[in-house]
Amino acid sequence: MYAVPDAHYYLVDLFLTETPEDMGHITIPVGTYDYDPTNSGFAGTFTETYSWYQINDAYGVASSANQISYESGKLIVEEGKVTLEVTLYFGDVKETHIVVYEGDYAFIDESNLQ
C-alpha cells in the first residue's frame, strides 16, 4: 500500500459517532477531531496507536523505524476541505505540521474489493 519511494504520509485513525450510510463513498462528518494519546475510543477523536507521520525510504518501504508519533493534533473537516494540524518531534526538534487538502475526500471501503 505505501510503496511510493521517499513519500510522506500523515495517518489518522478516527472514531466516528455512527457508521457511514454509504460504505462505498465514506466521508468524514464536518467537525473537529482531537488527537487522543490515551486511545479512549471516544467519538470525535483520533488514536495514538494508529495515527502517525510516515516517511518511506528510497525503495518505498514503510517501516516502523520511519514512523513518528504525534505529540498533539487536530483534524478540522469542512465542506470540501480537510486540515490536519499536528505537533511531532524529529529527534529533539519539535515541529508543527499543517496539511490542507481541498476537494473530494471520499474514502473507499477496501474490505469489499476483490
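1. Two strands are taken as paired if DSSP finds at least two bridges between them. In this predicted model, β3 and β6 are joined by 4 bridges and run antiparallel. Within that pairing, T32 has I76 of β6 as its bridge partner.

2. β3 also pairs with strand β4, which covers residues 45-47; here the sense is parallel, and the pairing extends over 3 bridges. Y35 stands opposite F46 of β4.

3. β6 and β7 run antiparallel and are joined by 8 bridges. The bridge partner of G73 in β7 is V86. The hairpin formed by β6 and β7 has 2 residues between the strands, and G80 in this hairpin takes a positive phi near 75 degrees.

4. The next pairing is that of β7 with β8, antiparallel over 10 bridges. K81 has E102 as its bridge partner in β8. These two strands likewise form a hairpin with 2 residues between them, and G91 in the turn has a positive phi of about 65 degrees.

5. Y101 belongs to strand β8, residues 93-102. Is this residue Y101 buried, partly exposed or exposed? Its relative accessible area is 42%, and Y101 is therefore partly exposed. Apart from neighbours within four places in sequence, Y101 is in contact with G80, K81 and V82. Between Y101 and T32 there are 69 residues of separation in sequence and 15 Å in space, taken C-alpha to C-alpha.

6. In soluble globular proteins, nonpolar side chains tend to be buried together.

7. Which residues does Y70 touch, not counting those up to four places away in sequence? They are Y10, L11, Y35, F46, S51, W52, Y53, L84, V86, T87 and L88.

8. D6 is found in the segment before β1 (8-11); although D6 is not a glycine, its phi is positive, at about 60 degrees. A65 lies in the loop between β5 (52-55) and β6. A65 is exposed, because its relative accessible area of 71% is over the 50% limit. The C-alpha atoms of A65 and Q54 are separated by 9.2 Å, the two residues being 11 apart along the chain.

9. Finally, the second largest pocket has a volume of about 210 Å³. Its lining consists of L16, T17, E18, P20, E21, D22, H25, I26, T27, I28, P29 and Y33. How many of the lining residues are nonpolar, polar and charged? The lining of the second largest pocket divides into 6 nonpolar, 3 polar and 3 charged residues.

Conventions: Residues numbered from 1 in each chain as written. Predicted model: local features only at pLDDT ≥ 70, side-chain atom pairs only at ≥ 80, totals over all residues. Heavy atoms only, no water. 1 Å grid on protein atoms, 1.4 Å probe; cavity = no way out; pocket = protein on both sides within 12 Å on 5 of 7 lines; lining within 4 Å. Points joined across faces, edges and corners; volume = space filled by probe spheres on them. Nonpolar A, V, L, I, M, F, W, Y, C, P; charged D, E, K, R; others polar. Contact = heavy atoms within 4.5 Å. Buried < 20%, exposed > 50% of the residue type's maximum accessible area, 1.4 Å probe, protein only.
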